[in-house]
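Subject: Structure for you to look at

Hello,

Here is the structure I said I would pass on. Please open it beside this email and follow along.

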Amino acid sequence: MSTLTFTLLVGLGSFVAGLLGALTGLGGGVVIVPLLTLAFGVDFRYAVGASLIAVIATSSGAAAAYVREGFTNVRIGMFLEVATTIGALLGAYLAGLISTSVLSVVFGLVLLYSAYAAVRPKPEHVVSVRDPIAVRLRLDGSYPGVDGEKEYHVQRVPLGFGAMLGAGALSGLLGIGSGALKVVAMDQAMCLPFKVSTTTSNFMIGVTAAASAGVYLARGYIDPGIAMPVMLGVLAGAMLGVRVLARTRQKVLRIVYALVIAVVAVEMIYNGAAGHI
Amino acid sequence: MAQPAISDHEVELRLATLLRAGVLAAAGLVLAGGVVYLIEYGAMPPHHQTYTGEPDDLKRVSGIVKGALGHSGRGLIQLGLLVLIATPIARVALSLYAFARQRDRTYVLITAFVLALLVGSLLQP
C-alpha cells in the first residue's frame, strides 16, 4: 500500500465516521481510534492524536450552528470548562504513563457506555427550585421551546463540576470528546433540558480537546500524515450529515450506530487484553 | 466615554463567526499542505504502524511556523492543525473580552483561568 492509497482510505473511513456522527448526534471522534488502530494498524498514540484533531474540528463547526439557535448556555459551558480543562490536562499527562493495552481496554469500556447512552431513555428532570450556587454564578437560563421561551433552573452544581473533571480526564486520556459523559453530567446531575445539555456539551468539547492537544503536540502524538485525511474526512462527512439530517430516520440510525459502537468496543477490549494494541 | 455593554446574544453571534472562520482557515491550510505532502510522499509506503514521535519542528509552535514557511507539506499541515487547536482558545479569549465589557467580574476570573491553562499547555517549554 502506498501513502496515497493509505491517505484516501483513511479519508474515506473518516468521512463515513463524520457522516454517521452528525446524523446520530454521537460525534465522529468516538470511532476514529478503533478505525485507525483496528483497521489500519496505526499506533495507538498517533490514532489518539488524530482523533483529538477530528474532535476539535467537528465540535467547533457544529458549535457555530448551535450557538446561533440559542440552546447553548455559554455561562454554564464556561464555568464547567474550568473542570474539563483541568481534567483534560491531567488525563493527557497520565496518557504518557499508562500502557496502550490498558488504554485500549478503558477505551472499549467508555465506548460501551456511549453505545448505551445513545439508546437510553431520556427523562427530563426539569425542576422549579432555585439552587443558591447556580444563582450566584448566574447559570439559570431559558431556551426556545415550542410555545415560546422556557426557563430552567440548574441543580447540584458541585456534583456536575466533579463529573466534568472525570469527563475531561477521559477526553485527555483517550483523545475523544467525552460528549456522552458531559451530557449525563448536565441532564442527570444538573437537571438541564436535554437539548441544552447536548449543545452546551458540544460547545465545551473543543476547549476540552484543545487543552490536551497542546500536550499531545509537544509529545509528538500528532502526525500530519495521519491527522490530515482524518480531519478533512470527518469535517466533510459532518458537513454533509448536517445537510441531510432533516430527511433521515434518526431513531433507527441511532440504534444501528449504537450496535456498531458496541461491537467495536468489544474488539478494543479484546485486542487490548490480548496485548495486540 | 464608556463603551456600551453588549448583549449575551450579540456575543454568541460573534463566537459563532469566529469558530466557523477558524475551522475553515484550518481546513484550507491542511488541504493545501495535504496536496504538497502527497506529491512529495504519495508513492512511498506509509510508516504509521510504529510510534517514533515527531521531529522538533513538528512539535513546537515556533518550529511549526518555521517549517510551514519552508513550504514543506508536512509543515503546512501542522500549521493548519495549529490554527485548528488555536480556534477554541481564541473563542475563550473572545469570551473573556465580552465578560470584561459586561463587567462580570466572576466570569472574567473564570474565563481568564481557563485561558491561562490553554495557552500554557500549548506554549509549554
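Predicted model: local features only at pLDDT ≥ 70, side-chain atom pairs only at ≥ 80, totals over all residues.

Two packed helices are described by the angle between their axes and the distance between the axes. In chain A, the axes of helix 4 (residues 74-95) and helix 9 (residues 194-219) come within 8 Å and cross at roughly 30°. Angles under 35 degrees count as roughly parallel, so helix 4 of chain A and helix 9 of chain A are roughly parallel to each other. The crossing of helix 4 of chain A past helix 9 of chain A is right-handed. Residues that meet there include I76(A), G77(A) and L80(A) from helix 4 of chain A, and T200(A), F203(A) and M204(A) from helix 9 of chain A. By class, this contact has 12 nonpolar, seven polar and one charged residues.

Next, the two chains. On the chain A side, 49 residues are in contact with 52 residues of chain B. Helix 1 (3-24), helix 3 (44-69), helix 4, helix 9 and helix 10 (224-244) of chain A each give two or more residues to the side that touches chain B. The largest share, 11 residues, comes from helix 3 of chain A. Sorted by class, this side of chain A has 32 nonpolar, 11 polar and six charged residues.

Regards

Terms used. Residues numbered from 1 in each chain as written. Chains lettered and ligands numbered in written order. Axes fitted to C-alpha atoms, helices over the stretch in contact; angles between N-to-C directions. Helix = DSSP H or I, 4+ residues; strand = E, 2+ residues; numbered from the N terminus. Parallel < 35°, antiparallel > 145°, perpendicular 65-115°, else oblique. Left-handed = near helix turned anticlockwise from the far one by under 90°. Contact = placed C-beta atoms within 7 Å. Nonpolar A, V, L, I, M, F, W, Y, C, P; charged D, E, K, R; others polar.
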